[in-house]
Amino acid sequence: MIDNAADPYGSAALSCRRLRRPSRGYGVRMAIRRALPDPAAELAAMVGLAERVWTPRTRWHLGDLTWSRLQFASPVAYPAAAWWEDGEVVAWGRVPAPGHMEMQVDPARPDMAGVVLDWVESLPGHAGEPLTATILDTETHIADELARRGYGPVEESRFFIHLIHDLVGLSSRKLPAGYRLRHVVDEADAEGRARAHVAAFGAPSAPLRVTSDSYRNVMTSPFYRRSLDWLVEYDGDVVAFCLGWWSRSTRSLCLEPVGCHPEHRRRGLASAAINAVLETAVTMGATIARVCARGDDRYPSARSLYRDVGFVPVGRNRSWKRSG
Ligand SMILES: CC(C)(COP(=O)(O)OP(=O)(O)OC[C@H]1O[C@@H](n2cnc3c(N)ncnc32)[C@H](O)[C@@H]1OP(=O)(O)O)[C@@H](O)C(=O)NCCC(=O)NCCS
């Protein structure tokens with residue numbers, strides 16, 4: 001729980017007071033909130049904080065931030081804001097679906113968790129309504145504030161875990177005859193890549209909005225690298241893939257997404273694509289890779305795949321709910 005003695009602002013302080021803290025010189029420093037009106041603004045702010053506070057046990061990496069925001073055709077608009085102090089982002093929050101929030105708070109500024117929650121809870125339609133927030137279980141500075149406000153962890157039958165790989169002892173699996181492994185060459189690969197993504201992740205009841213256009217949009221990201229976008233082809237079709245996101249400043253890699261067409265599974269194709277990405281990342285200087293996968297027993301395939309490749313679990317996402 002919050003240790004008030006260690007919190008010079010007082011955990012019960014109003015949000016405007018929480019924005020202030022003693023400066024190193026005279027006066028006060030103030031975190032400035034700015035709306036993030038589009039994906040470009042959102043990613044610039046969120047990646048800035050994710051990179052600055054990254055450890056293998058933080059929730060967000062530039063890779064999952066970028067993929068989650070750009071993967072779909074016609075990205076929807078939703079409320080998002082970030083707080084800056086001395087030119088640095090110290091927290092951000094977003095509400096990608098009504099009643100559900102995501103956030104990141106600099107662990108050195110735990111007081112900002114309350115500021116972000118004040119903002120989300122004051123959005124039109126959110127006062128007194130059921131609200132959930134998904135955080136990684138290592139984010140105790142956010143969990144403390146959620147608990148203080150009456151949110152509680154939800155019993156979930158479906159949840160995600162984080163796994164890491166120290167990139168030591170990589171071993172390639174040989175592909176069965178007829179399959180070809182290569183990385184993306186140019187924009188012409190976007191169509192096959194998008195089709196394979198929909199085949200791997202889609203369901204007739206829940207068609208996906210990943211299209212060749214949205215994939216081309218992903219490829220325009222400054223963080224996207226063709227040399228880390230590997231695919232397996234069969235008869236000219238893409239049937240498996242792994243996209244890696246490289247962070248030069250943290251020397252870390254994030255895998256997002258990984259998939260294999262249902263008709264080609266259990267032939268080592270996803271493993272081969274993952275290994276190719278990991279080996280390429282090592283040549284770039286990567287020292288750690290991170291992936292997020294379903295961790296519950298109802299969906300063992302992804303978790304088993306990553307463990308088989310050498311990843312180990314380090315954390316679990318958990319949803320917290322305020323019942324209104
Ligand atoms: C998860 C997925 C990518 C696996 O692709 P794949 O090409 O079949 O995986 P591989 O053949 O390389 O599997 C390697 C190992 O992973 C494990 N594994 C893979 N699928 C498994 C399953 N359904 N059940 C249990 N273990 C599984 C096994 O240890 C397997 O080795 P083995 O076949 O020698 O026993 C594929 O099932 C898929 O696309 N699923 C839907 C999308 C998805 O969940 N992606 C991961 C997102 S994080």
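**Helix pairs**

I began with α2 and α3, which are roughly antiparallel to each other, because angles under 35 degrees count as roughly parallel, over 145 as roughly antiparallel, 65 to 115 as roughly perpendicular and the rest as oblique. This is a predicted model, in which local features need pLDDT of at least 70 and side-chain atom pairs count only at pLDDT 80 or more, while totals for chains, interfaces and linings use all residues. Residues are numbered from 1 along each chain as its sequence is written.

Helix α2 covers residues 39-53 and packs on α3 at an angle of about 165 degrees, with the axes 9 Å apart. Axes are lines fitted to C-alpha atoms, for helices over the stretch in contact, and angles run from 0 to 180 degrees between N-to-C directions. Helices (H or I, at least four residues) and strands (E, at least two) are DSSP runs, numbered from the N terminus. I noted that α2 passes α3 in a right-handed crossing. A crossing is left-handed if the near helix is turned anticlockwise from the far one by less than a right angle, and right-handed if clockwise.

From α2, the residues P39, E42, L43, M46, V47, A50 and E51 meet L62, L65, T66, R69 and L70 of α3 (contact: C-beta atoms, placed from the backbone, within 7 Å). I sorted the contact of α2 with α3 by class and have eight nonpolar, one polar and three charged residues. Ala, Val, Leu, Ile, Met, Phe, Trp, Tyr, Cys and Pro count as nonpolar, Asp, Glu, Lys and Arg as charged, and the others, Gly among them, as polar.

Next I took α6 and helix α7 (residues 212-219), whose axes come within 8 Å and cross at roughly 110 degrees. That makes α6 roughly perpendicular to α7. A190, E191, R193 and A194 of α6 make the contact with S212, Y215, R216 and M219 of α7.

The last pair was α8 (residues 269-284) with α9 (residues 300-309), at an angle of about 50 degrees and with axes 10 Å apart.

**Ligand shell**

I then listed the 21 residues around the ligand, of which R265, A270, S271, S301 and S304 come nearest (near: C-beta atom, placed from the backbone, within 6 Å). Which helix supplies the largest share of the shell around the ligand? It is α9, with six residues. At least two residues each come from α6 (190-201), β13 (252-260), α8 and α9. By class I have twelve nonpolar, five polar and four charged residues in this shell.

**Domains**

The protein is divided into domain 1 (4-157) and domain 2 (167-286), with bounds from an automatic or database domain assignment. Their contact takes twelve residues from domain 1 and 17 residues from domain 2. On the side of domain 1, helix α3 (residues 62-70) gives the largest share, six residues.

**Backbone**

Most residues other than glycine have a negative phi, and most peptide bonds are trans. I found a cis peptide bond joining E256 and P257, with omega about 0 degrees. P257 lies in strand β13. R251 has a positive phi, near 55 degrees, and sits in the loop between β12 (237-247) and β13.

Note on methods:
Contact = placed C-beta atoms within 7 Å.
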